[in-house]
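These are my notebook entries on a structure that I went through piece by piece. I wrote down what I looked up and the cut-offs behind each term.

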Amino acid sequence: MLRRYGQSGRVVLLTVVALAVLVCAAVCFLGRGRPVVRAASDVPSGSEGDVPEAGSASSGSSQPTLDVPSRYHGVLIRRRVRRFPQKLLALTFDDGPDPKVTPRVLDALERFGARATFFVIGKHVRRHPQLLKEIAARGHAVGSHGYAHVMHPTEERADSDLEANASLIREITGRGTLLYRPPGGFANSAGARAAVRRGMAVLLWTISSADAGHIKAETIIRNVLHTPQPGDIVLMHDGPGHGETAAALPAILSALEKEGYRFVTVPELLCAWDEWRRSSGLDERLEAQARPAKASNHSSANHHTMTSAPASGADSNSTTHSSRDRDATRHRWN
Ligand SMILES: [Zn+2]
């Protein structure tokens with residue numbers, strides 16, 4: 001057939017074929033190079049879903065930060081920052097998770113759009129990992145309350161207890177925590193010292209609900225609503241047997257919301273404190289008045305050790321009211 005078109009015809013035909021091959025090759029090459037068609041499974045492992053280190057930069061702008069400002073790493077926090085103006089409160093729940101109490105607490109928080117911080121016990125987490133997942137998934141902060149809730153561990157046991165809880169929290173939530181609350185609120189315990197050595201913020205509280213004494217919901221409500229101040233950290237419990245706290249929570253949230261308070265995680269509150277200290281020039285003034293802080297466990301009086309209802313809300317908060325107008329203090333152990 002080619003003979004009918006002679007030499008020039010063959011040249012034209014070969015040129016057309018060559019061009020077609022070139023176009024095909026170009027299309028194939030460009031198609032393979034399009035990054036948008038790359039399957040998710042092609043993404044090298046480790047480039048997404050990396051576990052953010054506690055204290056690293058925030059992973060998403062729409063999510064509240066769970067990072068603890070560096071000024072609070074390795075320090076004890078037992079008072080709120082002085083003259084803090086924003087109506088923010090950090091509700092904290094110790095001793096959970098518990099299948100009867102924690103879900104009720106989570107639901108109440110959800111209804112009011114509130115975020116909180118849960119200081120969890122490792123042995124409870126081991127039994128109910130799904131509850132810890134749920135806490136983290138709902139945007140709450142997770143802190144360590146020790147693996148076995150030992151109030152006065154040896155130095156050696158304190159370290160291993162802290163490590164056991166830290167790795168469990170990381171394994172289940174996908175991120176570590178820089179928050180620690182010593183069992184019993186004993187700020188001078190080996191557990192607190194071990195947490196400080198690890199660069200964790202050791203958190204006490206500025207308002208106690210006194211619910212460790214298994215008091216009635218009405219008393220818990222009264223204790224928390226007594227005289228909240230902007231920037232307070234509220235101690236409550238969601239561990240086994242704390243149904244009264246779950247029952248009290250909606251009334252607490254409702255009343256405080258009406259007063260204009262917002263409920264944030266401890267890391268969010270610490271960020272707000274941090275910002276306030278810088279913008280108000282408080283740091284300079286504090287440096288001028290600096291005096292050495294003293295380790296103390298006086299604030300622990302209401303925590304876990306209270307076995308009966310306080311005579312009044314004022315009594316339950318007496319240790320915190322005395323320090324209301326003082327600054328958040330921090331203590332470094334040597
Ligand atoms: Zn506890």
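**Entry 1: a pair of strands.** I began with strand S3 (residues 117-120), which pairs with S4 in the parallel sense over four bridges. Two strands pair here if DSSP finds at least two bridges between them, and the elements themselves are DSSP runs numbered from the N terminus, with helices (H or I) of at least four residues and strands (E) of at least two. Thr117 stands opposite Ala141 in S4. I then looked at which way the residues of S4 (residues 141-144) point, and found Ala141 and Gly143 on one side, Val142 and Ser144 on the other, and all of them buried. A residue is buried if 20 or more other C-beta atoms lie within 10 Å of its own, exposed if 12 or fewer, and partly exposed in between, with C-beta atoms placed from the backbone.

**Entry 2: the kind of model.** I noted that this is a predicted model, in which local features need pLDDT of at least 70 and side-chain atom pairs count only at pLDDT 80 or more, while totals for chains, interfaces and linings use all residues. Residues are numbered from 1 along each chain as its sequence is written.

**Entry 3: the whole protein.** I found 12 helices and nine strands in the protein, and of its 334 residues, 41% count as buried. Among contacts in the protein with a separation of 6 or more, 81% come from residues 24 or more positions apart; two residues are in contact if their C-beta atoms, placed from the backbone, lie within 7 Å.

**Entry 4: helix H2.** Which residues of helix H2 are buried? In H2 (residues 102-111) I listed Thr102, Val105, Leu106, Ala108 and Leu109. They lie on the same side of H2 because they cover an arc of only 165° around the axis, the arc being that of the directions from the helix axis to the C-beta atoms. I reminded myself that an α-helix has 3.6 residues a turn, so residues three or four places apart point the same way. The face of H2 turned away from its buried side carries the exposed residues Glu110 and Arg111. Strand S2 (88-94), helix H4 (129-137) and H8 are among what covers the buried residues of H2. Just after H2, Gly113 takes a positive phi of about 60°.

**Entry 5: helix H4.** Here the buried residues that I noted are Leu131, Leu132 and Ile135. Their arc around the axis is only 100°, which puts them on the same side of H4, whereas Gln130 and Ala137, on the other side, are exposed. The buried residues of H4 pack against H2, S3, helix H3 (122-127), S4 and helix H5 (155-173). Just after H4, Gly139 has a positive phi of about 90°.

**Entry 6: H2 beside H8.** How do H2 and H8 lie to each other, parallel or perpendicular? They pack at an angle of about 10°, with their axes 9 Å apart; axes are lines fitted to C-alpha atoms, for helices over the stretch in contact, and angles run from 0 to 180 degrees between N-to-C directions. H2 and H8 are therefore roughly parallel to each other, since angles under 35 degrees count as roughly parallel, over 145 as roughly antiparallel, 65 to 115 as roughly perpendicular and the rest as oblique. Where they meet, I found Arg104, Val105 and Ala108 in H2 and Ala246, Leu249, Pro250 and Leu253 in H8. Ala251 also belongs to H8 (residues 243-258), and it is partly exposed because 17 other C-beta atoms lie within 10 Å.

**Entry 7: two loops.** In the loop between S2 and H2 I looked up Asp95, whose phi is near 80°, a positive value in a residue other than glycine. Asp95 is buried because 24 other C-beta atoms lie within 10 Å. Pro97 is found in the loop between S2 and H2 as well, and the peptide bond from Gly96 to Pro97 is cis, with omega near 0°. In the loop between S4 and H5 I found His149, which has a positive phi of about 55° although it is not a glycine. His149 counts as buried because it has 21 C-beta neighbours inside 10 Å.
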